[in-house]
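Q: I am new to this structure. Please walk me through how to read its features, one at a time.

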Amino acid sequence: LQMLERQVVGGEQAKNKDLKEKRKRRKKYADERRMQLVVALQQSNEDSSDWVLLNVYDSIQEEVRAKSKLLEKMQEKLRAAETEIKDLQSEFELEKIDYLGTIRRLERELLLFQQLLDQVQSLVRRDCNYSNLEKIKRESVWDEETGCWKIPEPVIQKTRLP
């Protein structure tokens, strides 16, 4: 009876060595995993919300204090982020104003050069290739290496009558 009792007390497979080894491995793996979690929690940023959720508190007041501290830290981070956003927006606004000023200045210069061209074009000889500005624009090519336009050389076309 005692022999049967010893066999049954540990369960149906009390003497199964494979099952015992498997349980030992699982327990060892669970202990290792628990240690990894403890180390990860210690290394993690203490003001993360996960840290508060994983703590066990002795009283509600202690939990409230811990969560209040976390709330204050998060509010401080929020204020810092809002300040950064305002700084970036003001910097963007200044750049935008600068770009708009540059665009206006370039438009005025373009208008000046266009008016100068209109005035000077009538003074260019008719037998010169520069008398036709549209043709010069079509023949001009932008050079990426030098960063400037390659404009055809001025040529005077002399027509000789027989």
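Q: How far apart are the closest N and O atoms of the salt bridge between Lys-27 and Asp-31?
A: Side chains of opposite charge can pair when their charged atoms come close. A salt bridge here is a side-chain nitrogen of Lys or Arg within 4 Å of a carboxyl oxygen of Asp or Glu. In Lys-27 and Asp-31 the closest N and O atoms are 3.7 Å apart. This is a predicted model, where local features need pLDDT of at least 70, side-chain atom pairs count only at pLDDT 80 or more, and totals for chains, interfaces and linings use all residues. Residues are numbered from 1 along each chain as its sequence is written, and side-chain values use heavy atoms, with hydrogens and water left out.

Q: Where do Lys-27 and Asp-31 lie?
A: Both are in helix H2 (residues 17-43), 4 residues apart, about one turn of the helix. Helices (H or I, at least four residues) and strands (E, at least two) are DSSP runs, numbered from the N terminus. Lys-27 and Asp-31 are also linked with Arg-34 in a network of salt bridges.

Q: Is Lys-27 buried or exposed?
A: Buried means under 20% relative accessible area, exposed over 50%, partly exposed in between (1.4 Å probe, protein chains only). Lys-27 is exposed because its relative accessibility is 56%. Asp-31, at 31%, is partly exposed.

Q: Which side chain meets Glu-63 in a salt bridge?
A: That of Lys-67, at 3.0 Å, N to O. Glu-63 is partly exposed at 27%, and so is Lys-67 at 36%.

Q: What does Asp-143 touch?
A: Contact means heavy atoms within 4.5 Å. Not counting residues up to four places away in sequence, Asp-143 touches Cys-148 and Lys-150. With Lys-150 there is a salt bridge (3.7 Å, N to O). Asp-143 lies in strand E1 (residues 141-143). Asp-143 is buried, at 16%, while Lys-150 is partly exposed at 48%.

Q: How many salt bridges are there by this rule?
A: The count comes to 8.

Q: Which element gives the largest share of the lining of the largest pocket?
A: H4, with 6 residues. By class, the lining has 10 nonpolar, 3 polar and 1 charged residues. Ala, Val, Leu, Ile, Met, Phe, Trp, Tyr, Cys and Pro count as nonpolar, Asp, Glu, Lys and Arg as charged, and the others, Gly among them, as polar.
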